[in-house]
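Reader: I'd like to go through this structure with you. Can we take it piece by piece?

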Amino acid sequence: ALLTDTGVRQGADVLRMISVYEEKVKNGELVRKVRLVADGRYHRNHGPTYAPTPSREELLILLHICAARDWDYWHVDEVRAFLNAPKQTLKKVYAKISGDGGYWEIVKAVYGLKDAARDYHDAVEDRLLNKLQFRKLELCTSVYTKRLNPENTVLVYDYVDDFIFTGTDSATVVTEINEFRKCATTTEPDLNSELLLGMEVIRQRDVKIICITMRRRIDELRQKYPNAVITKRNVSMPRSGYLLRPQDFDSLLPSQNRVLSKKEVETYMSIVGSLLWIQGVRMDIIFAVLYLTWNAKSPKQHHLDMAYYVIGYLSTTIDMPLVLGGESTIQVITYIDASHGTGPNSRSITGSLTKLNPQSGAVAAKASAQSTIKLSSFESELDGVTTGLKKSAHIKNALMEMGVTHNPVAQLKNDNKAMIDFVKGDGIVRHMELRMWYTRNEYAKGNVNLEYMSGAEIPADHLTKLGTVEEHRQFARQIQGLQLLSFDYFADDKIMPDRAMDI
C-alpha cells in the first residue's frame, strides 16, 4: 500500500530499499538477477528472529538412505520464497524507494527484514504440518515425515527454500510433491538432481552408491588464489606445519613469523570460511581446517601459508568424492579417537566420525579441542567416546523417527583398551565427571556395543593429528568411502616431494 508522509505512524520503522545484483551459473548458463532488499540495519521494531539452521549431516543421511535402499529423490525450489510468506508481526514497517516520494507498507517477509527468515520458516512449517499433514522430526528440525502405512513413508528435507523429497514409493512421493506445489510456486521437480545446494551429485544405481563432490566451490578458490595451486599437494597439511606453542615459531623465518595485516587477515578469514563449508563434504581436511580456526584471532604468515596449502591439496584432489550407500543394511557405526594434550593450552583433541555402513563415507565427522585439560589419555578417550556416543544416539534416533529400518544397537570403535574395559564394567575409576558414566550406563543397557580397533586402523586417528602421505590417503579412503569405488582413487597418482613453504 502506497502511503503519504502523514500515513507513516509515529515510531514505525522506515527502511531504505537497496538493489542487490547477483550473477550465478545455473544449468550451465549465466543467470543475472536483481532484487530489492530492505536495509535491515535499521529494523528495530521486529518480531521473533529465530529460524532453525538446516544441517548438512541430515541431508547426507537422506542421500545415504536413497543410495542404499534405491529410493528416488526430487529437488524442488520455491520461487520468490520469502515474498510468499506474510509478515507476522503487527508492528508497522515502511519502505522508502529511491526516486519515489511515498512510503510503502511492508506486508510480506521482504528480504533484509530481521524477522523475514522466521516468518518464511513458519509459513513453510504451517504448509507441511497443517495443510499436508507431515510431522516434524523431534531431533531434526528441518526434516519432515509422513507415514501413510508401515511400508510407505515420505520424507522432506527443508533447506530454507530448497526442498528434497524422497521416500519408499516413488508414485506416493510424486503425489505429495504435487500437493505441495498447490500451496507454493516452485520450479519443476528435478528427479535425482545432479546439483544439490552447491554440491555435485552423481548416482550409480547399479552399485547403489551416490558420489558427492565440491568441484565448483573448490574451483572458485583455485581461480581466486591461483598461486596456491601451482604446486601439487599430497596431504591437506604437512606435519611440519603444525605449530602451536610460542617456541614452535622460533625456527621460522621472520617473514613467516610476522603477524598479518588487516587486509591479509580478511583474506585469511575468507579462506577459512570457504574451507569450513567445503569440509562438510571433503571431510579429509577437517583437522587442517580446525588448526586454521584456532589461529583466527591473530594469524601469522605461517597460518596463511597453511591455508593456501589446503587450497593446493583440494585443487590436486578436486574430483575426490564422498561416497554414500553400498549395501542396503544400515548400521550406525561411530569411530572415536583422542590425542592427549596436543591441542591449544595442552587440551586434548577429540575426533569422531559416523558411518551408516563400514565401507561407505561418513555422514557426520568432527574434530575439536576438549573443553578442559585431561590428566590422562584414558580420561581423554572416555571424554571423546561420551561425546561420540551422543552423536551416534542422535543419528540412530533420527533414523527411528524417519521409519528407516536399521540395527538398533549402535557400534562404537576406539583404540584404548583400558577405557573400553572400564565401560564394560571391568575397571574402577575415581573422580570421574558424572557425564562420562553415561557411556558405561548405555553399554550396560545394551544400547551400544564398544569394540577395540587399533590406532593404525581407526579412521578417526587422523581427525586428531596429521600423517604421512600414505597414512593420509588411507584415511581419505576410509572417511570419504573411496573403497566403494570400482577403482583405487590414488592408484595412478604419483607422490610428489611434500614441502611446506613452496606456495
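**A buried aspartate, sheets and rings**

Author: Asp158 sits in strand S9, which covers residues 152-159. Keep in mind that the model is predicted.

Reader: Is Asp158 buried or exposed, and what is the nearest side chain of opposite charge?
Author: Asp158 is buried. The cut-off for a salt bridge is 4 Å.

Reader: What lies 3.3 Å from a polar atom of the Asp158 side chain?
Author: The backbone nitrogen of Val160.

Reader: Switching to sheets. Which strands does S2 pair with?
Author: Strand S2 (residues 13-26) pairs with S5 in the parallel sense, over 4 bridges. S2 also pairs with strand S3 (residues 29-38), in the antiparallel sense and over 10 bridges.

Reader: Which residues are opposite each other there?
Author: For S5, Asp13 has Val93 as its bridge partner. For S3, Tyr21 stands opposite Val34.

Reader: What holds paired strands together in general?
Author: Backbone hydrogen bonds, and the pairing is either parallel or antiparallel.

Reader: And the open sheet of 4 strands, what is its order?
Author: S12-S13-S14-S15, with antiparallel pairing. Strand S12 (195-196) and strand S15 (322-325) are at the edges with a single partner strand each, so one side of each has no neighbour in the sheet.

Reader: How many bridges join S13 to S14?
Author: There are 5 bridges between strand S13 (residues 199-204) and strand S14 (residues 209-213), and the two run antiparallel. Glu200 stands opposite Thr213 in S14.

Reader: Now rings. How many aromatic pairs are there?
Author: A search of the whole structure finds 12. One of them is Phe82 with Tyr111, a stacked pair at 5.0 Å centre to centre with 10 degrees between the planes.

Reader: Where do Phe82 and Tyr111 lie?
Author: Phe82 is in the loop between strand S4 (73-77) and strand S5 (93-96), and Tyr111 is in the loop between strand S6 (103-105) and helix H2 (116-131), so the pair ties together parts 29 residues apart in sequence.

Reader: Why does Phe82 count as buried?
Author: Because its relative accessible area is 12%, and buried means under 20%.

Reader: Which residues do ring pairs link into a cluster?
Author: Tyr242, Phe287, Tyr291 and Trp294.

Reader: Which charged residues lie over the faces of Phe249 and Phe422?
Author: Lys300 lies over the face of Phe249, 4.6 Å from the ring centre. Over the face of Phe422 lies Arg440, at 4.5 Å from the ring centre.

Note on methods
Residues numbered from 1 in each chain as written. Predicted model: local features only at pLDDT ≥ 70, side-chain atom pairs only at ≥ 80, totals over all residues. Heavy atoms only, no water. Phe/Tyr/Trp six-rings, centres within 6.5 Å; stacked < 30°, edge-to-face > 60°. Buried < 20%, exposed > 50% of the residue type's maximum accessible area, 1.4 Å probe, protein only. Lys NZ or Arg CZ within 6 Å of the ring centre and 35° of its normal. Pairing = 2+ DSSP bridges. Lys, Arg positive; Asp, Glu negative; His and termini not counted. Polar contact = N/O pair within 3.5 Å; in protein donor to acceptor, adjacent residues only side chain to side chain.
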